[in-house]
Protein chains: 4
Amino acid sequence: MIIPKESELTPVQLREVEDIVQQYGCKLQAIVGFHRTIYAVLGEEREQVMVNRILGLSYIDRFDAVDSPYKLMDIHSELASHQIRIGKHIMGESPFIIAGQCTIDPANPNYFLETAHAVKEAGAKAIRGGVWKPRTMPYSFQGDDSSMKILVEARAQTGLPIDTEVMDEHQLMVAMEAQVDILQIGTRNALNYSLLRKVGELTANTNTVVLLKRSMSMGPVSEFIAAAEYIAAGGNPNVMLCPRGTVPKMEGYRNHPDESITPLLKEKTWAPVVVDPSHSVGRAKYVAATSLAAMAYGADGLIIESHIEAQKGIGDDPKQAIHPRELAALIQKAEALWALTRNKEAKLAL
Amino acid sequence: MIIPKESELTPVQLREVEDIVQQYGCKLQAIVGFHRTIYAVLGEEREQVMVNRILGLSYIDRFDAVDSPYKLMDIHSELASHQIRIGKHIMGESPFIIAGQCTIDPANPNYFLETAHAVKEAGAKAIRGGVWKPRTMPYSFQGDDSSMKILVEARAQTGLPIDTEVMDEHQLMVAMEAQVDILQIGTRNALNYSLLRKVGELTANTNTVVLLKRSMSMGPVSEFIAAAEYIAAGGNPNVMLCPRGTVPKMEGYRNHPDESITPLLKEKTWAPVVVDPSHSVGRAKYVAATSLAAMAYGADGLIIESHIEAQKGIGDDPKQAIHPRELAALIQKAEALWALTRNKEAKLAL
Amino acid sequence: MIIPKESELTPVQLREVEDIVQQYGCKLQAIVGFHRTIYAVLGEEREQVMVNRILGLSYIDRFDAVDSPYKLMDIHSELASHQIRIGKHIMGESPFIIAGQCTIDPANPNYFLETAHAVKEAGAKAIRGGVWKPRTMPYSFQGDDSSMKILVEARAQTGLPIDTEVMDEHQLMVAMEAQVDILQIGTRNALNYSLLRKVGELTANTNTVVLLKRSMSMGPVSEFIAAAEYIAAGGNPNVMLCPRGTVPKMEGYRNHPDESITPLLKEKTWAPVVVDPSHSVGRAKYVAATSLAAMAYGADGLIIESHIEAQKGIGDDPKQAIHPRELAALIQKAEALWALTRNKEAKLAL
Amino acid sequence: MIIPKESELTPVQLREVEDIVQQYGCKLQAIVGFHRTIYAVLGEEREQVMVNRILGLSYIDRFDAVDSPYKLMDIHSELASHQIRIGKHIMGESPFIIAGQCTIDPANPNYFLETAHAVKEAGAKAIRGGVWKPRTMPYSFQGDDSSMKILVEARAQTGLPIDTEVMDEHQLMVAMEAQVDILQIGTRNALNYSLLRKVGELTANTNTVVLLKRSMSMGPVSEFIAAAEYIAAGGNPNVMLCPRGTVPKMEGYRNHPDESITPLLKEKTWAPVVVDPSHSVGRAKYVAATSLAAMAYGADGLIIESHIEAQKGIGDDPKQAIHPRELAALIQKAEALWALTRNKEAKLAL
């Protein structure tokens with residue numbers, strides 16, 4: 001939709017615009033209002049060079065595209081029926097809960113392994129553990145390759161799939177070699193298109209699932225799905241979207257909780273949504289409420305920080321991680337709420 | 001806490017600050033760090049003139065108060081055990097659902113009365129109806145005093161308490177005369193301190209309840225409770241807080257949903273929290289999810305726009321109001337979720 | 001512009017929509033894209049009841065209006081050539097600087113009068129002084145009617161027009177009686193439509209100028225101009241717009257400075273723009289930079305807190321007010337920058 | 001500063017906290033207020049493991065650090081007198097203007113070369129040209145290694161330093177080989193710590209300057225300087241900070257202009273600040289006003305998109321780039337404003 005600066009185009013201007021769009025196989029249609037006239041472009045309206053040439057005309061104010069730009073992640077794409085499986089879990093059939101420590105302490109592998117067993121016991125379906133950690137200051141502990149074998153050991157002992165964040169190509173190679181089941185792209189790299197494309201290419205034609213966190217500066221829908229499109233375009237359509245809180249940070253919380261974007265995403269994309277309440281609110285005491293809110297909004301899963309002895313954690317755990325005992329209670333309620341809102345028979349039973 | 005611009009105060013500066021705080025009955029205590037020293041004010045640290053005099057010193061950077069400024073609404077005030085009753089309902093015992101039309105159409109009273117019966121049938125505990133409406137443009141329909149008798153008639157027919165928004169002293173007098181049970185202060189007037197104080201004074205020593213909506217520009221906690229304090233200081237402690245969405249507006253929603261502030265409020269104030277999902281999201285299709293999320297976050301109630309034939313509404317109803325049939329389903333789930341999260345016995349039953 | 005939920009309307013749906021718009025004298029025009037079709041409403045597209053009826057149809061997703069809703073404040077309205085004069089100043093001819101204390105201390109009238117003389121000396125064209133003050137807590141000093149005679153005395157002594165904020169009808173009556181030249185509507189009341197309309201009505205056909213501050217929750221343009229429209233529709237078109245910082249508050253500043261909205265406002269309305277740097281940044285040390293930035297963005301004036309002895313002020317002065325000596329330097333630079341950007345001859349001289 | 005959940009620590013709790021801090025060589029100091037007591041940690045208060053252990057205690061609410069965390073970029077660090085030179089320019093002596101096209105079109109090298117000559121003529125001190133471009137959709141043109149030789153040719157022809165954005169290690173290697181003078185890190189990678197560190201390491205002990213753009217989700221000060229610290233910690237202290245607009249995006253602008261953070265940055269770091277008005281506002285018509293505002297706020301330079309025939313640009317140019325003719329006028333005014341605000345003699349002359 002072309003919006004002119006003045007109330008309508010002059011005949012000369014109109015001819016100039018028509019000449020341009022026709023070169024790209026499009027047609028122009030005027031929409032005549034009482035006070036102003038705007039112009040629709042019929043055809044492949046997103047052709048960048050055509051758009052640029054139109055925007056370059058001094059008498060044009062704006063160009064608003066109408067159609068969806070997503071080829072693979074769009075809810076109407078041919079991938080819409082694509083089913084994501086992680087281990088024995090089929091996304092969408094019941095709440096998929098990933099749980100575990102923020103950061104694996106390479107000096108204390110037992111903490112991590114005990115936590116892994118405890119969250120499995122509590123009902124988690126996958127184990128999270130940070131091998132590497134993005135930290136605001138360069139002088140903080142940033143993780144260590146050696147923690148990968150602890151993560152892999154946790155998978156061996158529990159039989160559950162494992163999840164870790166990768167931030168660059170080196171880490172990606174280490175994680176691929178260890179056949180990590182779920183690769184997280186963190187909020188700080190959610191717009192790192194070189195990494196997104198590389199992840200898509202290197203995991204093409206594997207069962208690896210990519211959990212893409214929302215960048216703290218992303219709008220809730222279009223830019224988020226566009227970033228997922230980079231991974232899918234690279235070759236791997238197993239992408240899940242993870243709201244994790246955003247700016248402006250909210251008085252009292254670590255971030256601005258954003259589980260409420262779930263239905264907005266689900267109207268535009270088929271990708272499962274897995275909410276991260278731990279980073280959204282940043283305090284253990286609020287995690288359960290946000291988890292249930294995410295279920296109420298239709299999320300397919302949750303990723304939760306849990307630790308058997310949080311104050312000994314070396315990452316964000318001390319204030320953020322919940323105990324596996326609380327996790328068990330939370331999962332039970334999440335399942336009841338899933339049934340209440342999505343399961344016909346359960347609804348009757350209530 | 002006094003923070004100097006340099007790493008510490010010089011002896012002369014220190015003496016000057018001490019002189020000031022002593023005049024107001026306070027004492028100074030230095031907190032000596034490795035790199036800088038800051039100074040605590042022991043005593044009535046909020047005394048405005050003292051604070052101003054200290055801030056006026058060229059070598060002082062900041063003054064951060066430590067204690068709570070709320071005398072009446074604070075969770076530790078003597079009012080903390082104050083119970084709010086509306087009709088037969090005691091706030092906190094079960095979900096308090098207010099429902100009804102955005103705006104009463106004075107030309108079609110039957111729509112409103114039929115809606116009132118239908119929302120009662122659906123399980124609502126009070127009837128909302130806009131007699132007057134704030135509108136962005138001065139040329140839109142702004143409501144009419146004559147609608148008050150329709151609202152009163154709805155109370156007579158259903159036996160339920162009634163709720164309406166007042167925006168100035170004239171409307172307040174009309175509403176007081178009609179003995180409206182719940183007076184709403186809307187988001188645009190949430191910082192209109194003259195009105196807040198007047199409402200508190202005129203409803204002092206009555207059973208009238210004031211439902212204070214959050215201003216779209218308020219932080220989630222302190223400024224909101226301070227506005228409630230104006231009403232209580234005026235003489236009426238029957239104040240309930242209503243999160244109703246805020247800016248920045250979110251792509252896809254009418255506002256940025258903010259039911260997640262409920263636990264933050266409940267840590268600081270004893271006031272009940274009644275969430276408005278209708279204005280938070282602005283689209284009927286998202287109202288049920290936001291309502292359940294509000295329950296998950298611990299809200300005491302909900303205020304929901306409902307209409308028997310939304311497209312005939314004259315306010316925001318056409319896209320925002322849900323049908324009383326949907327309201328009934330929503331209330332049933334809200335009660336199940338309340339039981340799941342707050343009722344020990346029900347929890348066992350699930 | 002009507003946007004359907006599906007890619008196009010069915011023939012039956014199309015007929016239903018056409019029936020509605022024709023009842024309101026409008027016509028429908030389809031805009032056929034490759035992937036979807038949308039529909040323009042030709043005619044009085046903003047007729048609220050028509051819009052509501054269309055939005056109420058289950059198969060309609062959105063209705064986007066195209067034309068400007070402002071009748072009086074629009075840059076293309078017949079008022080566009082309206083010139084605002086304050087005392088001897090004609091807005092737009094040179095920088096209009098309002099300066100003075102945040103709050104008049106009724107116990108110390110001399111501070112205010114000395115400040116008034118000093119800011120006149122510094123080059124200010126009008127005197128500001130808060131007779132009443134909105135305060136976050138009900139227990140803080142809120143100002144006093146008795147300060148009005150001090151403000152009036154300052155006008156008598158300096159010969160400059162005076163400016164004060166009014167928050168309710170009582171204050172408005174007191175200010176009208178004193179023939180205050182510039183009435184400020186503060187950020188907290190910028191959406192208090194009852195007050196805006198009342199101010200417009202009571203000052204209709206006078207020379208009184210209304211300085212409308214931006215609400216901290218307003219978008220930069222449309223909602224702001226719409227609020228001004230209330231005053232003009234009440235009867236007084238002498239309205240000036242005042243950006244004064246907004247939420248989300250910015251680390252380091254009191255608010256998020258917003259002088260940059262000036263050119264956006266000036267594209268849509270003829271109203272003069274007077275920026276408030278003092279509240280935008282909230283610290284005296286940043287006021288000069290923000291003032292010059294406002295000039296760079298094309299503002300017509302500034303309203304600045306100044307005090308001869310800031311640490312003795314009883315309002316926000318201690319950290320916010322600049323000394324009249326700094327004001328003089330600031331005004332000199334503001335005038336040089338005005339010349340640099342707006343005065344052809346001066347530009348050549350540089 | 002340790003803030004307990006209750007109004008003070010019990011003796012047992014106090015002993016437990018003291019035990020912890022003593023293990024890390026710190027001491028505890030109580031600050032006794034009327035209503036609550038808080039506790040200062042004297043010593044290396046930022047030791048992460050100590051902080052985590054304290055935060056893990058159930059009766060502790062918060063831990064607020066007091067000292068600056070920046071070792072190299074802090075305004076009080078030993079690098080504070082470090083002078084950045086680019087070609088013949090010494091940062092801080094006069095406005096440093098970088099200008100040129102958003103994206104180099106490898107198919108039309110002459111456009112870029114002609115633009116380079118034109119911006120030099122207009123007064124620019126360095127040439128920008130995008131060899132690679134981050135694009136929201138994976139299907140848009142992303143730039144091409146082959147454009148690097150065009151950029152290098154522009155340096156050869158004009159004698160001016162060159163600037164381009166790098167997004168990954170491959171691009172970094174190509175740019176290093178071409179001895180690009182200024183490496184830009186874009187907003188999407190401003191929190192990509194792996195890349196920041198790598199850039200610092202590979203450019204250690206060279207004259208290469210890194211221009212770090214602000215991430216759209218960064219707070220204005222601390223997180224921004226911390227990201228710069230990664231580059232300096234990698235080995236290259238030649239870092240300049242670039243505000244470039246942020247979210248929430250503002251009605252009318254491409255982003256929320258943020259040149260006003262300049263004085264906040266300059267209070268905390270010695271790094272030069274170079275503002276990007278082109279991306280801040282996103283429309284050519286607003287670029288000059290924002291550029292002057294940046295000068296008013298104390299910026300050391302500007303980076304501006306300019307193009308001899310903007311509508312033929314293949315990046316953001318059509319609406320964003322200004323003509324070199326407008327650039328010349330802008331630079332002249334920027335220099336006059338610099339003189340007005342920073343040059344004592346020029347100030348007298350005005």
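How much helix and how much strand does the chain have over residues 84–329 of chain A, and how far apart are the end C-alpha atoms? I get 37% helix and 15% strand there, with the end C-alpha atoms 27 Å apart. I looked up that range because UniProt, in an unreviewed entry, places the feature "domain: DAHP synthetase I/KDSA" on it; UniProt positions are in the numbering used here, feature names are shortened, and annotations may be inferred rather than shown by experiment. Helices (H or I, at least four residues) and strands (E, at least two) are DSSP runs, numbered from the N terminus.

Ground rules, before I go on. This is a predicted model, where local features need pLDDT of at least 70 and side-chain atom pairs count only at pLDDT 80 or more, while totals for chains, interfaces and linings use all residues. Residues are numbered from 1 along each chain as its sequence is written, chains are lettered from A and ligands numbered from 1 in the order in which they are written, and side-chain values use heavy atoms, with hydrogens and water left out.

**Sheets**

I started with chain C. Its open sheet has eight strands in the order β12-β11-β10-β9-β8-β7-β14-β13, paired in parallel; two strands pair if DSSP finds at least two bridges between them. At the edges I find β12 (239–242) and β13 (274–275) of chain C, each pairing on one side only. Inside the order I checked β8 (residues 126–129) and β9 (residues 162–165) of chain C, which pair in the parallel sense over two bridges. There, I127(C) has I162(C) as its bridge partner.

Then chain D. I read an open sheet of eight strands, order β12-β11-β10-β9-β8-β7-β14-β13, with parallel pairing. Its edge strands are β12 (239–242) and β13 (274–275) of chain D. I picked β10 (residues 182–185) and β11 (residues 209–213) of chain D, which run parallel and are joined by four bridges. I182(D) sits opposite V209(D) in β11(D).

**Salt bridges**

How many salt bridges are there over all chains? The count is 36, taking a salt bridge as a side-chain nitrogen of Lys or Arg within 4 Å of a carboxyl oxygen of Asp or Glu. One I looked at is K213(A) with D276(A), closest N and O atoms 2.6 Å apart. This pair links distant parts of the chain, 63 residues apart: K213(A) is in strand β11 (residues 209–213), D276(A) in the loop between β13 (274–275) and α9 (277–281) of chain A.

**Chain D against chain A**

Each chain puts 44 residues into the contact, contact meaning heavy atoms within 4.5 Å. The two bury about 3,900 Å² between them, 53% of it on carbon and sulfur atoms; buried area is the accessible area (1.4 Å probe) that two parts lose on being put together, summed over both. Y139(D), R188(D) and K319(D) supply 15% of what chain D buries here, more than any other three residues.

I count two salt bridges across this interface, and I noted R283(D) with D61(A) at 3.6 Å between the closest N and O atoms.

**Chain D against chain C**

Here 32 residues of chain D touch 32 residues of chain C. The buried area is about 2,700 Å², with carbon and sulfur atoms giving 64%. E251(D), L264(D) and Y297(D) supply 20% of the area chain D buries against chain C, more than any other three residues.

I find two salt bridges across it; E267(C) and K285(D) meet in a salt bridge at 3.2 Å, N to O.
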